[in-house]
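Biologist: I'm new to this one. Could you walk me through it?

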Amino acid sequence: MTRATVDAICAGLPGAHLPAPESGELEAWKLGGKMFACLAGGEAGVSVKTDSIETAEMLIAAGVGERAPYFHRSWIRLPLDAPEAELRHRIETSYRLIRAGLPRKMLASLAPFE
């Protein structure tokens with residue numbers, strides 16, 4: 001798995017975009033101005049949101065990922081060499097969590113996502 005795989009997964013999500021980072025900003029895939037996949041640290045991995053601190057702790061304990069430095073405890077960092085199915089599942093879950101919190105008008109403008 002490489003950074004290109006992460007970018008391909010994220011690019012396939014409706015409304016997702018990778019803005020050029022401003023000075024000091026993280027390189028992150030966003031939806032409606034909110035991050036759902038952050039690539040800080042280059043090849044170190046991709047940080048994604050989980051639904052709760054408990055879920056993040058469970059995934060860390062299971063060895064799926066590690067605590068995402070500088071993020072809320074509900075975020076984890078997955079290594080880029082994680083299995084593609086796991087990486088895709090975690091990125092899509094993070095995307096869904098962000099999408100669910102969007103205003104109705106913005107949500108209505110997005111293509112459906114199952």
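This is a predicted model: local features need pLDDT of at least 70, side-chain atom pairs count only at pLDDT 80 or more; totals for chains, interfaces and linings use all residues.

Here is a short chat about the fold.

Biologist: How are the rings of F36 and Y95 arranged, stacked or edge-to-face?

Modeller: Their centres are 5.5 Å apart, with 80° between the planes. Planes over 60 degrees apart fall in one class, so this pair is edge-to-face.

Biologist: Which parts of the chain does that pair link?

Modeller: F36 and Y95 are 59 residues apart, so to speak distant parts of the chain. F36 belongs to strand β2 (residues 34-38), while Y95 belongs to helix α3 (residues 84-100). The pair links β2 and α3.

Biologist: Is F36 buried or exposed, and what about Y95?

Modeller: Buried means under 20% relative accessible area. F36 has 0% relative accessibility, so F36 counts as buried. Y95 also has 0%, so Y95 counts as buried.

Biologist: Which element gives the largest share of the largest nonpolar core?

Modeller: That core has 23 residues, and V6, W29, L31 and F36 are among those that touch the most other members. Several elements supply at least two residues each, including α1 (3-11), β1 (28-31) and β3 (46-49). The largest share is four residues, and they come from α3.

Biologist: How do α1 and α3 lie, oblique or roughly parallel to each other?

Modeller: Their axes come within 10 Å and cross at roughly 45°. The contact involves T5, V6, I9 and C10 of α1, with E84, L87, R88 and I91 on the α3 side. The crossing is right-handed. Roughly parallel would need an angle under 35 degrees, so α1 and α3 are oblique.

Biologist: What is the phi of Y70, and is Y70 buried or exposed?

Modeller: Most residues other than glycine have a negative phi. Y70, in the loop between β4 (66-67) and β5, has a positive value near 75°. The cut-off for exposed is over 50%. With a relative accessible area of 86%, Y70 is exposed.

Methods
Residues are numbered from 1 along each chain as its sequence is written. Side-chain values use heavy atoms; hydrogens and water are left out. Rings of Phe, Tyr and Trp (its six-membered ring) pair if their centres lie within 6.5 Å; planes under 30 degrees apart count as stacked, over 60 as edge-to-face and the rest as tilted. Buried means under 20% relative accessible area, exposed over 50%, partly exposed in between (1.4 Å probe, protein chains only). A nonpolar core is a set of buried Ala, Val, Leu, Ile, Met, Phe, Trp, Tyr and Cys residues joined through side-chain atoms within 4.5 Å. Axes are lines fitted to C-alpha atoms, for helices over the stretch in contact, and angles run from 0 to 180 degrees between N-to-C directions. Angles under 35 degrees count as roughly parallel, over 145 as roughly antiparallel, 65 to 115 as roughly perpendicular and the rest as oblique. A crossing is left-handed if the near helix is turned anticlockwise from the far one by less than a right angle, and right-handed if clockwise. Contact means heavy atoms within 4.5 Å.
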